[in-house]
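Colleague: I am new to reading models like this one. Could we go through it in questions and answers?

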Amino acid sequence: MALADSERTLARPTIARERTDGRKWSAMTPARSRLTPSATVALATSSEYPALTLDDQTLVPALAGHGIAAEPAIWNDASVDWRRYGVVVVRSTWDYHHDPGTFRRWIQSLDLAGVPLLNPSPILRWNLDKIYLRELEARGVPIVPTEWVAPRAPHSLREVARRRGWERVVVKPVVAASAHGVWRTGDVPTVADEQRFHASVAQHGVMIQPFVDAVCTEGEWSLMFIEGHYSHAVLKRPRSGDYRVQGQFGGQFAPATPDASLIDAAERVMRALPFPATDCAYARVDGVRDAGVFRLMELELVEPALFLAGAIESSDRLAARIIEGL
Ligand SMILES: Nc1ncnc2c1ncn2[C@@H]1O[C@H](COP(=O)(O)OP(=O)(O)O)[C@@H](O)[C@H]1O
Ligand SMILES: [Mg+2]
């Protein structure tokens, strides 16, 4: 995305809730934090952003203001000793979707080492696979209509489009970020689209959605939440002729002021989580207004750009949340 696309102690039992799918939040009890007033905070990033993004750099002085040191650490750098840190805040790990298995193992290794993560590891795990959208939909959140296709499942793109009454459709992997692996068909799926679809399904689970024009007209909204409370927002638009709002495809964003109904819709998304919204140190609600309805495109709880550079107060609030357990 554009430089613009993160339990602390004391055993917060709040995450150990029932899931709506009947499964338990197994092993959900957060590790106890080892934060001490002298603990260093790791801001987990990727090799592409070794010095953090401009947004995340704002956290360093914000934490320093509380006497807390913070430094970037590349999540898949084998030389990093994560036990040195009081907490690891997931930030610009924007390459994890290329190797989601290794990313999951990294989260598990921090759990096993007793190093707390923000967002807490159970939340990260829940949010890694976009199947969480189905859970939120079942809890009453309007999402962009989605057909879910399991890996290697026998499915026909054209059959799905015909059955659902969709013309142009968007196909995307269920584990993805930064518009990686997202593609769209022409006005109706062609034979070539069908072949591309089969190649996608051979590799991973896939989502099919109708193409939402609002992405290109009004744009895609991102509403940031710090510790479960609405903070600030941006509106992202694609380059002319494209539909991906991410910066690497020429997309642009601008700070924007959502009206009360939009904030209310995003707050309803946060309230629909299967754990308390306040357990999320940070969250980004991405969605589009389609025929007057705010439809959730993604709820980003792993590594969203938080557009902090233009919202320094929010950076301070997130810093305060990070050190809350001290
Ligand atoms: N149904 C859709 N209609 C129009 N554009 C879409 C649709 N789904 C995704 N896009 C475009 O593709 C981008 C990436 O899709 P998204 O679902 O946000 O996945 P990720 O950001 O994880 O790659 C969106 O930001 C948007 O620009
Ligand atoms: Mg997105």
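Colleague: Is Arg-162 buried, partly exposed or exposed?
Modeller: A residue is buried if 20 or more other C-beta atoms, placed from the backbone, lie within 10 Å of its own, exposed if 12 or fewer, and partly exposed in between. Arg-162 has 13 other C-beta atoms within 10 Å, so it is partly exposed.

Colleague: What kind of model is this, and how is it numbered?
Modeller: Residues are numbered from 1 along each chain as its sequence is written, while chains are lettered from A and ligands numbered from 1 in the order in which they are written. Local features need pLDDT of at least 70 and side-chain atom pairs count only at pLDDT 80 or more, whereas totals for chains, interfaces and linings use all residues, and the model is predicted.

Colleague: What is the average pLDDT of the protein?
Modeller: pLDDT is the predictor's confidence in each residue, from 0 to 100. Over residues 1–35 it stays under 50. Of the residues in the protein, 88% score at least 70, and the average is 88.

Colleague: Which helix holds Arg-162?
Modeller: Helices (H or I, at least four residues) and strands (E, at least two) are DSSP runs, numbered from the N terminus. The protein has 9 helices and 13 strands. Arg-162 falls within residues 157–164, which is helix α6.

Colleague: What is the bridge partner of Thr-45 in β3?
Modeller: Strand β1 (residues 40–45) pairs with strand β3 (residues 85–92) in the parallel sense, over 6 bridges. In β3, the partner of Thr-45 is Ser-92.

Colleague: How many residues are in the largest nonpolar core?
Modeller: A nonpolar core is a set of buried Ala, Val, Leu, Ile, Met, Phe, Trp, Tyr and Cys residues joined through C-beta atoms within 7 Å. Among the members that touch the most others are Val-41 and Ile-322, and the core's residues number 70.

Colleague: How many residues around ligand 1 are nonpolar?
Modeller: Ala, Val, Leu, Ile, Met, Phe, Trp, Tyr, Cys and Pro count as nonpolar, Asp, Glu, Lys and Arg as charged, and the others, Gly among them, as polar. The shell has 3 polar and 5 charged residues, and its nonpolar residues number 13.

Terms used. Two residues are in contact if their C-beta atoms, placed from the backbone, lie within 7 Å. Two strands pair if DSSP finds at least two bridges between them.
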